[in-house]
Amino acid sequence: MALFSSPPSSLCVLRLSAIGDACNTCAMVQAIQRQWPTTKITWIMGKAEAQLLGDLPGVRVITFDKKQGWKGYTQLWQQLRGERFDALLHLQTALRASIASLGIRAKYRLGFDKIRSSDLQNWFINTPVSSPDSPHVLDGFMAFAQTIGIEDTNPRWELKLSQADQDWAKQYSHSAPVLVIVPAASKAFKNWTADGYAKVAEHAVARGMKVILAGSPAKVEIQLAEQVCELSSVPLTNLVGKSSLKQMLALLAEAKLVIAPDTGPAHMAVAANTPVIGLYAHHNPKRTGPYRYLDYVVSAYQEAIEAETGKQLSELSWRSRVKDPDAMQRIRAETVITMLDKALSDFHTLKETQ
């Protein structure tokens, strides 16, 4: 039975990081807003995540800077002093998030059940949320919305983009259909090969597309993008490290298709309603892949995890992670090119009709 039969006065959402998980949380928050537009929602998120989602309509965003250490907690608790929420939706099992929750007063403190809980989160909640059959992170978040009484949990996103950010993206996307490749994740072991990306880019250009590389200014991302450009026999537009998160979101929204490993921009593209080909080997894409586009994931996960453990995938925990740092090299360029052709065929009119 749902916790609320009528709209609660106020809710607090606690999800600090990361970008991809924040995008998934956004879908849950906006599902709540559609059913309960009068409910006041406070979302505590990280600084980077606030750069992307800090201006969500109708949501009060409080940023938490983990780099400040104990000072970050005390500043957060000071901002919340004297407040009491009808419910806290504690969506992050990390201990730092649970410590942050100590300063949040709420009648109901929702957290994950024993299937998904970790890092002692059960000590900080009083209402465990039953896990759905699907292992996907977003479905797990939507279970919180269902628990409090939200009926329509079909994920839909409405993200704000300024005219300036849209104009910035359009200057790179007006000449041909755009394929945005986000070559790198923040953790290098999740990255595919520069040679593979170059071959896929060459094929896309041969099909009449413009290829743009995008990503953060992190050193690992800049270096990989430079390698892709050096290996490619066709010109590529390299914007890695040259955009804000909002500009990248606008660019992803302009694209016809996105290719990315297990990284935040893949979920940003989903939120922007742009099809994604996800490249996975370390984490189960059924859990962390780009929602709506799981059928377009190129995955070496099952092959790698079974080779590493000697067990069938069905025998392993849904949390199991591949430890082999070279696992992504199992993905072949020819497989990604085949998926690219399939996606271009399947999504030929998608962006024009939605």
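**From value to term**

Mentor: The structure, a predicted model, holds one cavity of 30 Å³ or more. About 30 Å³ of space lies in the largest cavity.

Trainee: Which residues line the largest cavity?

Mentor: The lining consists of Lys190, Asp262, Leu279, Tyr280, Ala281, His282, His283 and Met328.

Trainee: What makes the lining of the largest cavity divide into nonpolar, polar and charged residues?

Mentor: Leu, Tyr, Ala and Met count as nonpolar, Asp and Lys as charged, and the others as polar. The lining therefore divides into four nonpolar, two polar and two charged residues.

Trainee: Why does His174 count as exposed?

Mentor: The term requires over 50% relative accessible area. His174 has 65% relative accessibility, so His174 counts as exposed. His174 is found in the loop between α6 (163-170) and β7 (178-181).

Trainee: What are the residues with the most contacts inside the largest nonpolar core?

Mentor: They are Met28, Ile32, Trp43, Val180 and Leu279, in a core of 105 residues. Helix α1 (residues 19-35) gives the most to this core, with nine residues. Apart from this core lies another, of 15 residues, among them Leu16, Leu76, Leu80 and Leu88.

Trainee: With which residues is Ile32 in contact, leaving aside its neighbours within four places in sequence?

Mentor: Ile32 is in contact with Leu11, Ile41, Leu89, Ala145, Ile148 and Ile150.

Trainee: Why is the meeting of Asp65 and Lys47 called a salt bridge?

Mentor: The cut-off is a side-chain nitrogen of Lys or Arg within 4 Å of a carboxyl oxygen of Asp or Glu. The side chains of Asp65 and Lys47 meet at 3.8 Å, N to O, and the term therefore applies. Asp65 lies in the loop between β3 (59-64) and α3 (70-80) and Lys47 in helix α2 (residues 47-53), so the pair ties together parts 18 residues apart in sequence.

Trainee: Is Asp65 buried or exposed?

Mentor: Buried means under 20% relative accessible area. Asp65 has 18%, so Asp65 is buried. Lys47, at 47% relative accessibility, counts as partly exposed.

Trainee: How many residues apart are Lys246 and Asp55?

Mentor: The side chains of Lys246 and Asp55 meet in a salt bridge at 3.1 Å, N to O. Lys246, in helix α9 (residues 245-254), and Asp55, in the loop between α2 and β3, are 191 residues apart, and the pair links distant parts of the chain. Lys246 counts as buried at 11% relative accessibility, whereas Asp55, at 31%, counts as partly exposed.

How values were computed: Residues are numbered from 1 along each chain as its sequence is written. This is a predicted model: local features need pLDDT of at least 70, side-chain atom pairs count only at pLDDT 80 or more; totals for chains, interfaces and linings use all residues. Side-chain values use heavy atoms; hydrogens and water are left out. On a 1 Å grid over the protein atoms alone, a cavity is a set of points where a 1.4 Å probe fits but cannot get out, and a pocket is an open set with protein on both sides within 12 Å along at least five of seven lines; lining residues have an atom within 4 Å of a point. Grid points are joined across faces, edges and corners, and a volume is the space filled by probe spheres set on the points. Helices (H or I, at least four residues) and strands (E, at least two) are DSSP runs, numbered from the N terminus. Buried means under 20% relative accessible area, exposed over 50%, partly exposed in between (1.4 Å probe, protein chains only). A nonpolar core is a set of buried Ala, Val, Leu, Ile, Met, Phe, Trp, Tyr and Cys residues joined through side-chain atoms within 4.5 Å. Contact means heavy atoms within 4.5 Å.
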